[in-house]
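Have a look at the sequence and the model, then read on.

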Amino acid sequence: MEAEIKASAPGLGGRNWLRLGSMREAGLIAIMLALCLAMTFASPHFLTWGNFRAMLMSFSIEGIVVVGMTILLIVGGIDLSVGSVVCFSMVVSGALFLMGLDPWTASLIGIGASALIGAVMGFFVTVIGLNHFITSLAAMVIVRGLCLVITKGTPLSLFTLPPGFKAIGQGSFGNVPYVIVIFVVVVAIFDFLLRRATAFRKVFYTGSNEKAAQFSGIKTKQVKFWVTVLCSTLAGFAGVIYMSRFGAATPTFGAGMELNIIAAAVIGGASLNGGSGTIFGAILGMALLSVVTSSLILLDVSVYWQDMIKGCILLAAVSIDHFLHRRKS
Amino acid sequence: MLDRTGRVRAPSTRAISSISTLQGDGVTAAAILEIRDISKSFGAIKALTGVDFTLQRGEIHALCGENGAGKSTLMNIIAGIVQPDEGAIRLEGKNVTITSPSAAQRLGIGLVHQEIALCQDATVAENILMAAINNRRAPLMNFRRLYADAQKIMDLLAPIPVETPVADLSISNQQLVEIAKALTLECRVLMLDEPTAALTETEAQRLFAIVRDLKARGISIIYISHRMAEIFSLCDRVTVFRDGRYVATDPIASVTPNDVVRKMVGREITRLYPQKLSPERRTDRPVLSVENLSYRQGSAGVGFTLRAGEILGIGGLIGAGRSEMVQTVCGLCPKVSGSVELNGEPVSIRTYSDAVRAGLVYLSEDRKASGLFLDLSVASNISALDLRKLTTPLGLLDRRAEAKQATDLVERHGVRMGGIETQVSTLSGGNQQKVAIARLLSVGPKVVILDEPTRGVDVGAKVEIHRLLRDLAERGVGVIVISSELPELIGLSDRVLVIREGAIVGELGADELTEEAIMLLASGVRQQRSNARQVQNVA
């Protein structure tokens with residue numbers, strides 16, 4: 001993992017037009033390397049492929065959701081409903097499969113249904129004019145309710161899923177699970193697009209100053225709508241992978257996931273005011289949280305402490321960022 | 001100010017007139033505030049280097065300098081917001097250390113910031129007496145008394161009901177609330193930082209009357225402004241700063257506006273405004289024709305023509321519908337009816353993208369709120385208007401083309417900065433504005449419409465922007481300028497349209513442009529073009 005980070009860091013140097021982002025990423029990498037180094041001495045189990053694979057697995061699927069959330073944060077939005085949408089996608093696909101649909105079609109419909117939820121939220125945000133926070137808070141509760149209605153409150157057991165479908169979540173290329181491969185591909189594509197594609201540049205313009213973007217002829221409502229849809233779609237995609245991995249669809253799955261995801265994106269440098277953030281940074285934020293969790297487990301720290309420590313890390317990261325920004329100006 | 005019993009003490013003149021003893025070490029009796037040898041650095045940047053400044057009792061003293069000259073830093077030092085590294089401040093002959101804004105308030109020093117910073121949802125009274133409410137010991141608010149006390153202070157300035165939420169007031173009345181806020185505290189020294197920046201001419205005149213009235217009450221006033229006309233009509237003396245250093249102090253009667261500008265920029269600016277279009281080069285070829293444009297439901301249509309080579313000014317009071325009119329032309333506001341022709345060809349403009357594609361671009365008046373992406377780089381700010389041009393067939397941004405375009409434009413227009421990757425928020429106002437204009441020019445426009453193109457820009461950059469606009473006009477680009485600053489409108493335009501209540505009420509040619517003529521039309525005293533001529537003769 002260390003090697004992987006080192007290898008991808010230089011790609012962000014040079015002409016990156018969001019220099020602050022790369023500064024932030026360098027800092028995160030430094031903190032993580034220090035933590036990894038300390039842990040290597042503290043625990044013999046830390047620096048093993050098994051442990052790193054476990055860590056990667058633990059945040060790979062959530063990492064896909066982080067990608068969408070980061071883009072949404074950059075445009076100036078936020079989505080509290082991602083946990084519910086992940087579950088919704090799982091439950092819809094699972095229920096359709098149990099009704100006799102083949103799992104691939106069922107999954108596509110599940111992802112489509114998630115996108116539809118994004119579209120409804122996007123409608124309320126751009127046409128009605130509500131803000132993202134309230135809209136997605138309502139959606140979080142409503143969609144969770146839908147999951148309970150569809151499943152009648154009991155988990156759907158999907159052990160009859162064909163092996164070909166289960167392989168997405170459970171199989172691997174030799175030593176590397178497919179899940180990790182999917183995660184790396186999604187991150188690579190969106191990180192590249194976000195930095196290079198013209199369409200995503202409009203996301204930065206809209207998030208940085210919506211009024212100025214409008215005065216530059218950018219259709220900011222369209223931009224916000226589609227980013228909202230993208231975020232929900234990626235959450236739906238993650239839900240389908242979870243279904244494949246667990247072979248079950250639990251109506252309470254993903255509760256509280258949104259907080260972890262927003263925390264990761266913010267630690268990685270995304271601003272809640274919009275206009276800045278990188279996917280690479282957000283994934284580093286996610287990785288940092290994961291390394292910390294893993295370390296706490298290896299050091300035999302009680303599970304009850306973990307949330308508290310993660311919360312403190314979030315607070316520290318945001319404070320440091322605020323301090324750096326203030327000193328700059 | 002509320003004392004412990006919650007009662008407000010109205011500003012008394014007692015404190016103002018009581019102390020005027022002559023001090024030994026060279027302090028004159030008339031000086032109320034003396035700044036000696038003040039220096040202040042922020043990191044590596046020296047904001048002030050050993051500056052002196054003396055404010056006489058009961059005078060209005062203008063403080064001039066380009067942006068970055070150190071005016072605001074000095075104001076902030078006097079108001080206790082920042083601490084000087086060296087130097088002394090004497091108030092009424094006594095050395096004082098002003099450690100905080102509340103310490104400044106206790107000493108009777110009030111600062112009215114350039115930007116209005118009021119709690120929009122709170123009432124006028126709550127805003128005026130905010131400091132007093134904050135210091136109040138009683139656990140509950142006494143609104144009846146609060147309103148009564150605030151009204152007493154507000155009435156010194158204007159009859160604004162203090163129960164009104166600030167958000168319901170016009171900008172000029174909000175400005176007065178800001179002044180009232182500084183006045184509450186037995187004010188001896190009042191500092192006004194560009195108080196007319198957001199005001200129209202009439203509103204500004206009302207403010208001047210109030211400032212003169214405060215002076216008559218014995219309050220000494222430091223007045224910061226970029227506008228020479230108001231400095232010369234209002235102030236008694238003028239002090240100029242340049243690059244953080246003191247340059248000179250003169251009685252206003254013994255200098256000319258040109259002297260002051262020369263001292264500010266440190267070099268002779270021979271022409272404040274570029275040469276206008278000479279009569280023999282005038283053509284009747286229209287670049288932009290707007291006909292029967294109606295942008296308010298039920299309002300009569302307006303029409304105007306912009307001719308090749310000229311700069312067309314648009315004047316009028318704020319709220320008269322100037323911005324609305326041009327925004328409608330550009331497809332930024334919905335239009336009810338009307339047609340637009342560019343170089344004789346009719347064009348259909350429904351959205352702003354249509355306008356940009358046709359070659360019609362608009363610069364909004366508020367640089368920070370709606371003009372620039374402050375936290376993005378110079379290059380990406382310039383690219384925003386036409387991303388399509390910089391997009392490869394695969395939908396990716398061609399960064400080499402982006403960098404080349406940005407470099408070309410910033411070099412041609414003399415933007416001073418570290419590089420095209422510099423964050424725009426770190427540039428000075430003038431350079432920010434040039435970046436905003438460079439963005440318009442990135443699409444090779446046929447017509448540029450600029451709304452308040454030099455607001456908050458220092459004199460040097462202002463001259464450069466004016467030249468740039470004249471160059472554009474000479475190269476055949478149509479230029480329309482909206483400005484609330486009458487000298488700019490008159491100095492820059494070849495022709496001026498005056499707007500009132502959404503309608504064009506007059507047109508003034510280069511030879512009939514005077515402040516009076518524009519104001520009479522804008523305020524509705526005169527309606528017709530023929531009348532404007534008479535007015536000019538009277539003036």
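In chain B, strand E4 (residues 86-91) and strand E5 pair in the antiparallel sense over three bridges; strands here are DSSP runs of type E with at least two residues, helices are H or I runs of at least four, both numbered from the N terminus, and pairing takes at least two DSSP bridges. B:Arg90, for instance, has B:Asn95 in E5(B) as its bridge partner.

This is a predicted model, where local features need pLDDT of at least 70, side-chain atom pairs count only at pLDDT 80 or more, and totals for chains, interfaces and linings use all residues. Residues are numbered from 1 along each chain as its sequence is written, while chains are lettered from A and ligands numbered from 1 in the order in which they are written.

Zoom out, and you'll find the open sheet of four strands in chain B, ordered E2-E1-E4-E5 with antiparallel pairing. Strands E2 (45-56) and E5 (94-96) of chain B each have a single partner strand, so one side of each is left without a neighbour in the sheet.

Now for the domains, whose bounds come from an automatic or database domain assignment. Chain B splits into domain 1 (14-265) and domain 2 (279-373 + 440-538). Their centres, taken over C-alpha atoms, are 35 Å apart. Twelve residues of domain 1 of chain B are in contact with 13 of domain 2 of chain B (C-beta atoms, placed from the backbone, within 7 Å). On the domain 1 side, helices H8 (201-216) and H10 (257-265) of chain B each supply at least two residues, and H10(B) gives the most, with three.

Terms used: Two residues are in contact if their C-beta atoms, placed from the backbone, lie within 7 Å.
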